[in-house]
Structure formats: structure tokens, C-alpha cells
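The sequence and the structure are shown first, and selected features are then described in turn.

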Amino acid sequence: MSPNPFFLPSFFLLPFFFLLPSSKILATSASEKLINSFGFQLDQKNWISGVYILPVGWKKNLIAINQLPVIPETLWLRILGKGKTQELAILELVDLSPENPFKNLALEQVSIWRTNLEIKQDLTNEERELIMNLSPAYLKWREDVRQEGRQEGRQEG
């Protein structure tokens, strides 16, 4: 990966990829049959595994989230995955260094996502699994917020 000229950490998104003038199709998974039937090609010279392209004129790209490498640059996309891919990404998020500038914000957003799901009536099995996958991040965020409150209380008291 090349350096990111926008001063965002390179793990925030696949650098430059989302700046290109083309549509991005995010898929939690993509079978070989699907990939081949639309003519997507893997361009390993320019992109990481899991990123497929069509000829330039189509201006379409496919990101198979479950095929992305487990590297910091893909964390935020892998959180949007399903099943084991998402579960491992959430654990990776929880394990990020406390100094990571995006950790608290990401934990907060994942917690909001989980809370919004919990409120919903008649959850599907997929939504229950998602709640389970998001739970470690939610619990970490909740504990961090409590710890922060305790520290503020000690400083004021």
C-alpha cells in the first residue's frame, strides 16, 4: 500500500480505492461462479486479494469482504462482513491500541449499531448473530465509558 496523502491512517479505508471514479459493490462474500459470470478479474498487481475489477469502461469494482486479507487497512470493511469474518474483525477492533485515534469512535459506532438492533422487534437469526458479533465491541466501549466516568468523578471529588 502506498502512503496516504490525506493524512488519514492507511487502515481507515483501502487508500485511494474509494477515490477512483467508479461504483464499488461491497459483498460479504462472492462465489467464483458469481465473479466469473459478471467477468470480474482479480488485479493482484494493483490491488489486494478480494478486490475484483471489470474492464475500465464499466467503472465497476467488487469487494468480496470475506476474501480481504486480515491487515489493518481492511479492518473497517471486514467489520461490515458476516459470520467469522465480522467476528474476527470486531475482536481485532477491541484489541486495537488505546492510542489508536479511531478506536473509540469505531467502538461507539459499533455500540450504536448493536443497540439499534436490540431495540428492533422480531429479530431474524442473522440479526441475532450480528448482535452476538458486535457484543465484544459494545462491552469494551461500555467499560471504557464507565472507566472514564470514574476518573472524572475522582478528579472532581
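## Aromatic pair

The model is a predicted one. One aromatic pair is present in the structure. Its members are Tyr138 and Trp141, whose rings lie 6.5 Å apart, centre to centre.

## Setting of the two rings

Both residues belong to helix α5, which covers residues 125-156. Tyr138 and Trp141 are three residues apart in this helix, so about one helical turn separates them.

The two residues are also described by their accessibility. Tyr138 has a relative accessible area of 16% and is therefore buried, the limit being under 20%. Trp141, at 26% relative accessibility, counts as partly exposed.

## Packing of helices α3 and α4

Two packed helices are described by the angle between their axes and by the distance between those axes. For helix α3 (residues 83-94) and helix α4 (residues 103-119), the angle is about 135 degrees and the axes are 10 Å apart. Helix α3 is therefore oblique to α4. The crossing of these two helices is left-handed.

On the α3 side, the contact is formed by Gln86, Ile90, Leu93 and Val94. Their counterparts in α4 are Lys103, Ala106, Leu107, Val110 and Trp113. Of the residues in this contact between α3 and α4, seven are nonpolar, one is polar and one is charged.

Terms used: Residues are numbered from 1 along each chain as its sequence is written. This is a predicted model: local features need pLDDT of at least 70, side-chain atom pairs count only at pLDDT 80 or more; totals for chains, interfaces and linings use all residues. Side-chain values use heavy atoms; hydrogens and water are left out. Axes are lines fitted to C-alpha atoms, for helices over the stretch in contact, and angles run from 0 to 180 degrees between N-to-C directions. Helices (H or I, at least four residues) and strands (E, at least two) are DSSP runs, numbered from the N terminus. Angles under 35 degrees count as roughly parallel, over 145 as roughly antiparallel, 65 to 115 as roughly perpendicular and the rest as oblique. A crossing is left-handed if the near helix is turned anticlockwise from the far one by less than a right angle, and right-handed if clockwise. Contact means heavy atoms within 4.5 Å. Ala, Val, Leu, Ile, Met, Phe, Trp, Tyr, Cys and Pro count as nonpolar, Asp, Glu, Lys and Arg as charged, and the others, Gly among them, as polar. Rings of Phe, Tyr and Trp (its six-membered ring) pair if their centres lie within 6.5 Å; planes under 30 degrees apart count as stacked, over 60 as edge-to-face and the rest as tilted. Buried means under 20% relative accessible area, exposed over 50%, partly exposed in between (1.4 Å probe, protein chains only).
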